[in-house]
Amino acid sequence: MAINKETSKNFWWTLFIVLAMIMSAVFLYPLYKTKNEKLEELEKRKELLLRKEIERENIEKRVNALENSPEAVESEARNKFGMGRKQEKILRYEK
């Protein structure tokens, strides 16, 4: 009879431990899922931040060139506004 009591006691402890593990998994899985979603969102935002920083640096270089280089101002005026010098004729082709 002692073996039966010991076996029964081990069974109940094993059952308790298994149920505790299952309950832990049930409660912790949503937290795990949320954590992974937040990490993915963080990575996307880091990539966006990197692209925006590169864009800001490019704009900063362009502004610096326009402030310090007459050639850059002339090039911008020609390309963006279709301007030219006094003796030049500007030809525009419509697509």
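**A nonpolar patch and its neighbours**

Reply: Phe11, Trp12, Leu15, Val18, Leu19, Ile22, Met23, Val26 and Phe27 make a nonpolar surface patch of about 890 Å². Patches consist of residues with over 30% relative accessible area and no salt bridge, where like charges are joined within 9 Å and nonpolar side chains (Val, Leu, Ile, Met, Phe, Trp, Tyr) within 5 Å. This is a predicted model, in which local features need pLDDT of at least 70 and side-chain atom pairs count only at pLDDT 80 or more, while totals for chains, interfaces and linings use all residues. Residues are numbered from 1 along each chain as its sequence is written, and side-chain values use heavy atoms, with hydrogens and water left out.

Me: Is isoleucine 22 buried or exposed, or partly exposed?

Reply: Buried means under 20% relative accessible area, exposed over 50%, and partly exposed in between (1.4 Å probe, protein chains only). Isoleucine 22 has a relative accessible area of 45%, so the label is partly exposed.

Me: How are the rings of phenylalanine 11 and tryptophan 12 arranged?

Reply: Rings of Phe, Tyr and Trp (its six-membered ring) pair if their centres lie within 6.5 Å; planes under 30 degrees apart count as stacked, over 60 as edge-to-face and the rest as tilted. By this rule there are 2 aromatic pairs. For phenylalanine 11 and tryptophan 12, the centres are 5.3 Å apart and the planes stand at 70°, so this pair is edge-to-face.

Me: Which residue forms a salt bridge with arginine 85?

Reply: A salt bridge is a side-chain nitrogen of Lys or Arg within 4 Å of a carboxyl oxygen of Asp or Glu. The closest N and O atoms of arginine 85 and its partner are 3.0 Å apart. Arginine 85 lies in the segment after H2 and the partner in helix H2, so the pair ties together parts that are 11 residues apart in sequence. Helices (H or I, at least four residues) and strands (E, at least two) are DSSP runs, numbered from the N terminus, and the partner here is glutamate 74.

Me: Which residues do salt bridges that share partners join into one network?

Reply: Arginine 78 forms a salt bridge with glutamate 88, with the closest N and O atoms 3.0 Å apart. Arginine 78 lies in helix H2 and glutamate 88 in the segment after H2, so this pair ties together parts that are 10 residues apart in sequence. Through shared partners, the salt bridges make one network of Glu74, Arg78, Arg85 and Glu88.

Note on methods. Accessible areas come from the Shrake-Rupley method with a 1.4 Å probe; for residues, only the protein chains shown count as cover.
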